[in-house]
Amino acid sequence: MAVLNIRTFAPLLKQNVTIERKSGYGDYGETTFSSGVVYRCCVVGAMKKVRSANGEDVMSNQQVYLQSNAAFTPEDRITLSTNDV
């Protein structure tokens, strides 16, 4: 059986996203975020049923596959690079 690693998928990771982790709340209750980190990724536009942070089944129209094993929460902010709009 062939062994797959991240180098196998590297040619598909042609996009970038910036992810900012939620760091808390400001003086007026607004959400604050850490400085952003840029990750190579592949953004796939496909309808898929996913579970929201509230436990509801919702439809997602894009999935982002990162070149990372970092874990993120639904409260973190993700921004696609401008050429992916």
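**Entry 1: before anything else.** I reminded myself that this is a predicted model.

**Entry 2: salt bridges.** How many salt bridges does the structure hold? I found 3. I keep in mind that side chains of opposite charge can pair when their charged atoms come close.

I looked up Glu 20 and saw that it forms a salt bridge with Arg 77, with the closest N and O atoms 2.9 Å apart. This pair links distant parts of the chain: Glu 20 sits in strand β1 (residues 15-20) and Arg 77 in strand β8, 57 residues apart. Is Glu 20 buried or exposed? Its relative accessibility is 17%, so I noted Glu 20 as buried, the cut-off being under 20%. Arg 77 is partly exposed, at 38% relative accessible area.

Next I turned to Lys 22, whose side chain meets that of Glu 75 in a salt bridge (3.4 Å, N to O). Lys 22 belongs to strand β2 (residues 22-25) and Glu 75 to the loop between β7 and β8, so this pair ties together parts that are 53 residues apart in sequence. Lys 22 counts as partly exposed at 24% relative accessibility, and Glu 75 is partly exposed too, with a relative accessible area of 47%.

Which residue pairs with Arg 51 in a salt bridge? I found Asp 57, with the closest N and O atoms 3.3 Å apart. Arg 51 counts as exposed at 60% relative accessibility, while Asp 57, at 47%, counts as partly exposed.

**Entry 3: the largest pocket.** I then checked the space in the largest pocket, which is about 450 Å³. Of the 18 residues lining the largest pocket, those closest to its centre are Val 64, Phe 72, Thr 73, Pro 74 and Ile 78.

Which strands each supply at least two residues of the lining? My list reads β5 (48-51), β7 (63-66) and β8 (77-80). The largest share, 4 residues, comes from β7. I also sorted the lining by class and wrote down 10 nonpolar, 5 polar and 3 charged residues.

**Entry 4: a surface patch.** Last, I looked at the surface and found a nonpolar patch formed by Ile 6, Phe 9 and Leu 12. Together they have about 280 Å² of accessible area. I placed Phe 9 in helix α1 (residues 6-9). Phe 9 has a relative accessible area of 39%, so I put it down as partly exposed.

Definitions and conventions:
Residues are numbered from 1 along each chain as its sequence is written. This is a predicted model: local features need pLDDT of at least 70, side-chain atom pairs count only at pLDDT 80 or more; totals for chains, interfaces and linings use all residues. Side-chain values use heavy atoms; hydrogens and water are left out. On a 1 Å grid over the protein atoms alone, a cavity is a set of points where a 1.4 Å probe fits but cannot get out, and a pocket is an open set with protein on both sides within 12 Å along at least five of seven lines; lining residues have an atom within 4 Å of a point. Grid points are joined across faces, edges and corners, and a volume is the space filled by probe spheres set on the points. Ala, Val, Leu, Ile, Met, Phe, Trp, Tyr, Cys and Pro count as nonpolar, Asp, Glu, Lys and Arg as charged, and the others, Gly among them, as polar. Patches are made of residues with over 30% relative accessible area and no salt bridge: like charges are joined within 9 Å, nonpolar side chains (Val, Leu, Ile, Met, Phe, Trp, Tyr) within 5 Å. Accessible areas come from the Shrake-Rupley method with a 1.4 Å probe; for residues, only the protein chains shown count as cover. A salt bridge is a side-chain nitrogen of Lys or Arg within 4 Å of a carboxyl oxygen of Asp or Glu. Buried means under 20% relative accessible area, exposed over 50%, partly exposed in between (1.4 Å probe, protein chains only).
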